[in-house]
Amino acid sequence: TIFDEPEAGIDIWSFKNLISVFEKMQDTIKGTTVVISHQERILNIADYVILLKNGKVEKVTTASEIISSSGEIRPECIKLSGENN
């Protein structure tokens, strides 16, 4: 199952419901669910995170490797808008 930015444009209450749906899917569906997102708030439900750079897989990692101990996204994982390298 693939979801392309399912959290785009929703309020926090709806986001919490969306997370609940994903958690239920995780418990009941056998297989892989892919969630494409630019929002770091979705990282909390991810088993794995695939970082893309220029349309190619840069790294396959986990949310805990992306988020620093202070709760911020590690600088090396951020791609600035318009950056080509």
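The model on screen is a predicted one. Leucine 52 is exposed, because its relative accessible area is 55% and exposed means over 50%.

Two helices and four strands are present. Followed from the N terminus, the elements come in the order β-α-β-β-β-α. Switch to a surface view next. The protein chain exposes about 6700 Å², and 52% of that area is supplied by carbon and sulfur atoms. Of the 85 residues in the protein chain, 18% are buried. Contacts are also worth a look here: among those between residues at least 6 apart in sequence, 43% join residues at least 24 apart.

Next, go to the aromatic rings. How many aromatic pairs does a search of the whole structure find? The search finds one. To see the pair, select phenylalanine 3 and phenylalanine 22, whose rings are edge-to-face, at 5.0 Å centre to centre and with 75° between the planes. The pair links distant parts of the chain, 19 residues apart: phenylalanine 3 is in strand β1 (residues 2-4), and phenylalanine 22 is in helix α1 (residues 12-28).

Are the two partners buried or exposed? Phenylalanine 22 counts as buried because its relative accessibility is 6%, and the limit for buried is under 20%. Phenylalanine 3, with a relative accessible area of 24%, is partly exposed.

Stay on phenylalanine 22 and display its neighbours. Leaving aside residues up to four places away in sequence, phenylalanine 22 touches Phe3, Pro6, Val35, Ile42 and Ile45.

For the last stop, select glutamate 5. Where does this residue lie? Glutamate 5 is in the loop between β1 and α1. Look at the backbone here: phi of glutamate 5 is near 50°, a positive value in a residue other than glycine. The relative accessible area of glutamate 5 is 29%, so this residue is partly exposed.

Definitions and conventions:
Residues are numbered from 1 along each chain as its sequence is written. This is a predicted model: local features need pLDDT of at least 70, side-chain atom pairs count only at pLDDT 80 or more; totals for chains, interfaces and linings use all residues. Side-chain values use heavy atoms; hydrogens and water are left out. Buried means under 20% relative accessible area, exposed over 50%, partly exposed in between (1.4 Å probe, protein chains only). Contact means heavy atoms within 4.5 Å. Accessible areas come from the Shrake-Rupley method with a 1.4 Å probe; for residues, only the protein chains shown count as cover. Rings of Phe, Tyr and Trp (its six-membered ring) pair if their centres lie within 6.5 Å; planes under 30 degrees apart count as stacked, over 60 as edge-to-face and the rest as tilted.
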